[in-house]
Amino acid sequence: RQADGSTTRTHQGLGLGLAIVRHLVELHGGVISAENLDSGSGAVFTVQLPLPSTELKLEAPPATSASEGAELEIDLAGVRILVVEDDLDALDLITIDLTKHGAKVRDVASAADALKILRSETFDLLISDIGMAHGGYDLIKQIRFQESDKDEHIPAIALTAYARTQDRIRAIAAGYDTHVAKPVEIRELVTVVKCLIGRIS
């Protein structure tokens, strides 16, 4: 578990890693254990997996047809998206995945940088982590306040590891149009983006 599980914690990470590892190890019939060493020396994690009883066979992934590949590349063609995420690994993954689908992505690691860019550039969509140490909810509130003087409304998706009903309600009440839970499934995210920008009939 995380010592600090609040949405405004200063340390990065979702607190899901070890839970996922334990689940995967147990699915393979294994056991994982953790042992704390002396103070300041870290910890040792031990994974025990059973040996396979039969010969392992590697299977090639199913081939993707040319038409499927083409659809993957162009379903967000030309869509300008601003992604705000202070976890740089997550930021890179989301940016790469959306770019593969044809989107033009601008990525930043803070709410302050996002507000600065929005003063000089326009986007079709905003995707923002709301668990950032500084600014997840404040970012959308400032954007909606600035839009109140103009006839504008940028569709906005909130990303968060907190996927309870009350978390969704809080995100939408703050000004986001919808809420996507972490870890992000790119197909779900792309579908939500297409819905918000009107590319799904």
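The dialogue below takes up the terms in turn.

Student: What kind of model is this, and how many helices and strands does the chain have?

Tutor: This is a predicted model. The chain has 7 helices and 7 strands. From the N terminus on, the elements follow the order α-β-β-α-β-α-β-α-β-α-β-α-β-α. Of the 201 residues in the chain, 31% are buried. Among contacts with a separation of 6 or more, 59% join residues 24 or more positions apart.

Student: Which strands form the open sheet, and in what order?

Tutor: The sheet has 5 strands in the order β4-β3-β5-β6-β7, and the pairing is parallel. On average, neighbouring strands of this sheet are turned by 20 degrees against each other, direction ignored.

Student: What makes β4 and β7 the edge strands?

Tutor: Strands β4 (104-108) and β7 (178-181) each pair on one side only. That is what the term edge strand expresses here.

Student: How do you know that β3 pairs with β4 and with β5?

Tutor: Two strands pair if at least two bridges are found between them. Strand β3 (residues 80-84) and β5 run parallel and share 4 bridges, while 5 bridges join β3 to β4, also in the parallel sense.

Student: Why is β3 called largely enclosed?

Tutor: A residue is buried if its relative accessible area is under 20%. In β3, 4 of the 5 residues are buried, and therefore the strand is described as largely enclosed by the rest of the structure.

Student: What makes β5 a mostly covered strand, and where do its side chains point?

Tutor: In β5 (residues 125-129), 5 of its 5 residues are buried. L125, I127 and D129 point one way, L126 and S128 point the other way, and all are buried. In a regular strand the side chains alternate between the two faces of the sheet.

Student: Why is I169 described by its accessible area as exposed?

Tutor: The cut-off for exposed is over 50%. I169 has a relative accessible area of 53%, so I169 is exposed. This residue is found in helix α6 (residues 165-174). The C-alpha atoms of I169 and H179 are separated by 8.8 Å, and the two residues are 10 apart along the chain.

Student: Why is α5 called roughly parallel to α6?

Tutor: Two packed helices are described by the angle between their axes and the distance between the axes. The axes of helix α5 (residues 136-147) and α6 cross at roughly 30 degrees and come within 9 Å. Angles under 35 degrees count as roughly parallel, and therefore α5 is roughly parallel to α6. In this contact, Y137, I140 and K141 of α5 meet D167, R170, A171 and A174 of α6. By class, the contact has 4 nonpolar, no polar and 3 charged residues.

Student: Which residues of α7 are buried, and what do they pack against?

Tutor: The buried residues of α7 are I186, L189, V190, V192, V193 and K194. They pack against β3, α3, β5, β6 and β7. Just after α7, G198 takes a positive phi of about 80 degrees.

Key: Residues numbered from 1 in each chain as written. Predicted model: local features only at pLDDT ≥ 70, side-chain atom pairs only at ≥ 80, totals over all residues. Heavy atoms only, no water. Buried < 20%, exposed > 50% of the residue type's maximum accessible area, 1.4 Å probe, protein only. Helix = DSSP H or I, 4+ residues; strand = E, 2+ residues; numbered from the N terminus. Axes fitted to C-alpha atoms, helices over the stretch in contact; angles between N-to-C directions. Parallel < 35°, antiparallel > 145°, perpendicular 65-115°, else oblique. Contact = heavy atoms within 4.5 Å. Nonpolar A, V, L, I, M, F, W, Y, C, P; charged D, E, K, R; others polar.
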